[in-house]
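Here are my notes on the model you sent over.

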Amino acid sequence: MSNDKSYRGSCFCGAVEMRVSGEPAAMGYCHCASCRSWSAGPVNAFSLWKPEALKVTKGADQIAAYHKTKTSNRKWCKACGGHLFTEHPAWGLTDIYAATIPDLPFKPGIHVHYQETVLRIRDGLPKMKDVPKEMGGSGETLPE
């Protein structure tokens, strides 16, 4: 029996519900143009999880997908258009948007793709030029 913490989330209208269990591999902010456009905001708050941590508990038939790039499979609700999560198969991780799991204590630890930022955030967290080396990036950091 596991004593992992679990969190419930949903799309904007509630047609799709999900549960995520355990602890995220990472939490932070993405500043890339794709995430900004997808989230309709100047920055996207992410929480990265192993795919098996995510269980869709209602409305799986209401989930649609879009592949802009081979590294991201973005999922949303067909009923309301609410964004749910993005699968990143090359990294073996799924980004479950922090806003869709309201009870998750969001504790960001990093900014990624800061070279593309349109909103400077001075919070003392590392600002990666792109992504960490272990994810295929340069591993370079930028000043706040």
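1. Buried residues account for 42% of the 144 residues in the protein. Keep in mind while reading that this is a predicted model, so every value below is computed from predicted coordinates.

2. On the overall fold: I count one helix and ten strands. In sequence order the pattern runs β-β-β-α-β-β-β-β-β-β-β, with helix H1 covering 33–39 and strand E4 covering 44–49. Of the contacts between residues at least 6 apart in sequence, 49% join residues at least 24 apart.

3. On dimensions, the radius of gyration is 15 Å, which agrees with the value near 15 Å for a compact globule of 144 residues. The C-alpha atoms fill a box of roughly 45 × 35 × 25 Å along the principal axes. The accessible surface is about 7900 Å², and carbon and sulfur atoms contribute 52% of that.

4. Now the charges. The protein has 18 positive and 14 negative ones, and the mean positions of the two sets are 3 Å apart. Side chains of opposite charge can pair when their charged atoms come close. How many salt bridges does a search of the whole structure find? It finds four, and the next points go through them.

5. Start with Lys-58 and Glu-17, whose side chains form a salt bridge at 3.8 Å, N to O. Lys-58 belongs to strand E5 (residues 54–58) and Glu-17 to strand E2 (residues 17–21), so this pair ties together parts that are 41 residues apart in sequence. Both ends are partly exposed: Lys-58 has 39% relative accessibility, and Glu-17 has 33%. If you want to check the geometry by eye, the 3.8 Å value sits under the 4 Å cut-off for a salt bridge.

6. Next come Glu-87 and Lys-75, with a salt bridge at 3.4 Å, N to O. This pair links distant parts of the chain, with Glu-87 in strand E8 (residues 83–88) and Lys-75 in strand E7 (residues 72–77), twelve residues apart. Is each partner buried or exposed, or something in between? Glu-87 counts as partly exposed at 26% relative accessibility, whereas Lys-75 is buried, with a relative accessible area of 14%.

7. Leaving aside neighbours within four places in sequence, Lys-75 is in contact with Trp-38, Ile-63, Ala-64, Ala-65, His-83, Leu-84, Phe-85 and Glu-87. So the list includes Glu-87, the salt-bridge partner from the previous point.

8. Then there is Lys-127, which forms a salt bridge with Glu-144, the closest N and O atoms being 2.7 Å apart. Lys-127 and Glu-144 both lie in the segment after strand E10 (110–112), so the pair ties together parts that are 17 residues apart in sequence. Lys-127 is buried at 1% relative accessibility, while Glu-144 is partly exposed, with a relative accessible area of 35%. Asp-123 joins in as well: Asp-123, Lys-127 and Glu-144 are linked in a network of salt bridges.

9. Which charged residue is buried yet has no salt bridge? That would be Arg-36, placed in helix H1. Beyond neighbours within four places in sequence, Arg-36 is in contact with His-31, Gly-41, Pro-42, Val-43, Glu-116 and Val-118.

10. Last, the backbone. Most residues other than glycine have a negative phi, and most peptide bonds are trans. Ala-40 has a positive phi, near 55°. Ala-40 sits in the loop between helix H1 and strand E4 and is exposed, with a relative accessible area of 73%. His-113 also has a positive phi near 55°, and lies in the segment after E10.

Note on methods. Residues numbered from 1 in each chain as written. Predicted model: local features only at pLDDT ≥ 70, side-chain atom pairs only at ≥ 80, totals over all residues. Heavy atoms only, no water. Helix = DSSP H or I, 4+ residues; strand = E, 2+ residues; numbered from the N terminus. Rg over C-alpha atoms; globule rule 2.2 N^0.38 Å. Buried < 20%, exposed > 50% of the residue type's maximum accessible area, 1.4 Å probe, protein only. Contact = heavy atoms within 4.5 Å. Areas by Shrake-Rupley, 256 points an atom, 1.4 Å probe, with all protein chains shown as cover. Lys, Arg positive; Asp, Glu negative; His and termini not counted. Charge placed at Lys NZ, Arg CZ, Asp CG, Glu CD.
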